[in-house]
Amino acid sequence: MRTTLFLSCLLLLSPSLPAQLGYKDTPKLPGQPWLVHDIDRPRPKQITPGDLPFQPPSDAIILFDGKDLSKWEQIGRGPNRGKMVAPTWKVENGYFEWTPGAGDLVSKEKFGDAQYHIEWASPVVVENEGQNRGNSGVIIQSRYEIQVLDSWNNPTYADGQAGAIYGQWPPLVAPVKKPGEWNYYDIVFEAPKWEGDKLVKPAYQTVFYNGVVVHNRKEVIGRMAHRQVGTYAPHAPEEPLLLQDHGSKVRFRNIWVRRLAGYDQEN
Ligand code: MG
């Protein structure tokens, strides 16, 4: 509470800080008492996770096995705007890392209902504050973001913490690790469904963050949005996974996906 009061005072005193700490001039989230990125929304309680590795099962689609980015494309920037280009994130020592001037990474394969496993680490050398510290994102179907952020001793708005459904729901708790340590997300994603242009089923996210449940089949309000309430627009049943370029030297490794079918499927 004291922290919240302190942050609110800071917000009033310093107009340059809100982008790091939160907002009071954004729209209200539907069905919640909070504004988008509300500075007064309680930050999730920090807990200490266990440290379990998680290797892919035999039916997983491996998107990164430590060797190359052949399963990925990159959204072009500058003169390559509007094109897909070869990835320029740096592959080394079994992981890949953002490099200056890169771009969002997009999986060549597309997915609907799926289970994802993704490991990430924020930079060892801590730079910047709030949303500019170790920011990336696991953006399922290129629209629905689970936030990646260095949330270790880094005050920023609750719905922008690592593990948040960005701009909508903070993680239930914050099982954060120190900068440079490997984190892992295990996500069960239920894709939204349309009949024509009408949304008949929203997306749902179940997320384990370092083995701890942080979203339990949470309904997604809409696509990821900054300072707005995200909305839905019709898209294909399967869409690529996107890893966000947010200008931070974030690393990823051991990325795999399993398509989810219904019960009673033939082998
Ligand atoms: Mg992000």
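Donors are N, O and S atoms within 2.8 Å of the metal (3.2 Å for Na, K and Ca); water is not among the atoms, so sites may look incomplete. In the predicted model described here, local features need pLDDT of at least 70 and side-chain atom pairs count only at pLDDT 80 or more, while totals for chains, interfaces and linings use all residues. Residues are numbered from 1 along each chain as its sequence is written, and side-chain values use heavy atoms, with hydrogens and water left out.

Along the chain, the donors of the magnesium ion follow the spacing N-S-x8-E-x1-Q-x96-Q. E145 lies in strand β10 (residues 144–148) and Q244 in the loop between β17 (239–243) and β18 (251–259), so this pair ties together parts that are 99 residues apart in sequence. Helices (H or I, at least four residues) and strands (E, at least two) are DSSP runs, numbered from the N terminus. The protein donors are N135 (OD1), S136 (O), E145 (OE), Q147 (OE1) and Q244 (OE1), and they lie 2.2 to 2.4 Å from the ion.

**Buried residues**

A residue is called buried under 20% relative accessible area, exposed over 50%, and partly exposed in between (1.4 Å probe, protein chains only).

| Residue | Relative accessibility |
|---|---|
| E145 | 3% |
| R133 | 7% |
| Q244 | 12% |
| T99 | 16% |

R133 is found in the loop between β8 (114–121) and β9 (136–140). Contact means heavy atoms within 4.5 Å. Leaving aside residues up to four places away in sequence, R133 touches V126, E127, N128, L149, D150, W152, N153, N154 and S248.

T99 lies in the loop between β6 (95–97) and β7 (105–111). With residues up to four places away in sequence not counted, T99 touches T88, W89 and K90. A polar atom of the T99 side chain lies 2.8 Å from the backbone oxygen of T88.

**The open sheet**

Strands of a sheet pair through backbone hydrogen bonds, either parallel or antiparallel. Two strands count as paired if DSSP finds at least two bridges between them. In this model, an open sheet of 6 strands has the order β4-β3-β7-β17-β9-β10, with antiparallel pairing. Its edge strands are β4 (84–85) and β10, each of which pairs on one side only.

Strand β17 is mostly covered, as 5 of its 5 residues are buried. Strands β7 and β17 run antiparallel and are joined by 4 bridges. F111 stands opposite E239 in β17, and L105 stands opposite L243 in β17. Between β9 and β17, which also run antiparallel, there are 2 bridges. The bridge partner of V138 in β17 is L243.

**The chain as a whole**

The secondary structure of the chain comes to 2 helices and 18 strands. Along its principal axes, the C-alpha trace spans about 60 × 45 × 45 Å. The radius of gyration is taken over C-alpha atoms, and the globule rule is 2.2 Å times the number of residues to the power 0.38. With 267 residues, a compact globule would have a radius of gyration near 18 Å, and the chain agrees with this at 18 Å.

Of the 267 residues, 51% count as buried. Among contacts between residues at least 6 apart in sequence, 68% join residues at least 24 apart.

Definitions and conventions: A polar contact is a pair of N or O atoms within 3.5 Å; within protein, one must be able to donate a hydrogen and the other to accept it, and residues adjacent in sequence count only if both atoms are side-chain atoms.
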